[in-house]
Amino acid sequence: VDPVTLSVDTTHAANAAYKMVRAELNLILQAEWNERRRLQKKGFLRRLMSFEVTPQYKTRFAMCIAYEDLMKVLLYWRKPDMVPYNIKVERFDRLQEALRMNAALTLSDFFRG
């Protein structure tokens, strides 16, 4: 949304950026869920020690994403000129995963109707 005119940006670039943000946020959630599963497979004492660190599963997507993660991803995709070059280089592998997740989400949306 443009803050001056309050109009929604519906260009192809904006739609592509929205889909890539969605894909990367899904990757972040997937990594957190994998970490929780890994901790659950460990022994009782380790689970007890990590109980306070890992919150319970949340039911809504918006409640699962940390504010810092959301702001970083939005900065990476909406304002790439503000991201330092060394971070762009480090994110290359993550970009490949985000492209795969974007394709999976596109197929999922297609089959859902």
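Accessible areas here come from the Shrake-Rupley method with a 1.4 Å probe. With that in hand, I opened the model, which is a predicted one, and looked up the surface. The protein chain exposes about 9,100 Å², and carbon and sulfur atoms supply 61% of that area.

Next I checked burial. Of the 113 residues in the protein chain, 20% are buried.

Then I went through the fold.

My next stop was a helix pair. How do the axes of H1 and H6 cross? Helix H1 (residues 12-41) and helix H6 (residues 92-112) have axes that come within 8 Å and cross at roughly 105°. Angles of 65 to 115 degrees count as roughly perpendicular, which means H1 is roughly perpendicular to H6.

I listed who meets whom there. On the H1 side I noted residues including Lys19, Met20, Ala23, Leu27 and Gln30; on the H6 side, Arg94, Leu95, Ala98, Met101 and Asp109 are among them. The residues of this contact divide into nine nonpolar, three polar and six charged.

Last, I looked for nonpolar cores. The largest has seven residues: Val21, Leu25, Ile28, Leu29, Cys64, Ile65 and Val73. H1 gives the largest share of this core, four residues. Another core, of six residues, lies apart from it, and Ala23, Ala98, Met101 and Leu105 are among its members. I jotted one reminder beside this: in soluble globular proteins, nonpolar side chains tend to be buried together.

Terms used: Residues numbered from 1 in each chain as written. Predicted model: local features only at pLDDT ≥ 70, side-chain atom pairs only at ≥ 80, totals over all residues. Heavy atoms only, no water. Axes fitted to C-alpha atoms, helices over the stretch in contact; angles between N-to-C directions. Helix = DSSP H or I, 4+ residues; strand = E, 2+ residues; numbered from the N terminus. Parallel < 35°, antiparallel > 145°, perpendicular 65-115°, else oblique. Contact = heavy atoms within 4.5 Å. Nonpolar A, V, L, I, M, F, W, Y, C, P; charged D, E, K, R; others polar. Core = buried A, V, L, I, M, F, W, Y, C linked by side-chain atoms within 4.5 Å. Buried < 20%, exposed > 50% of the residue type's maximum accessible area, 1.4 Å probe, protein only.
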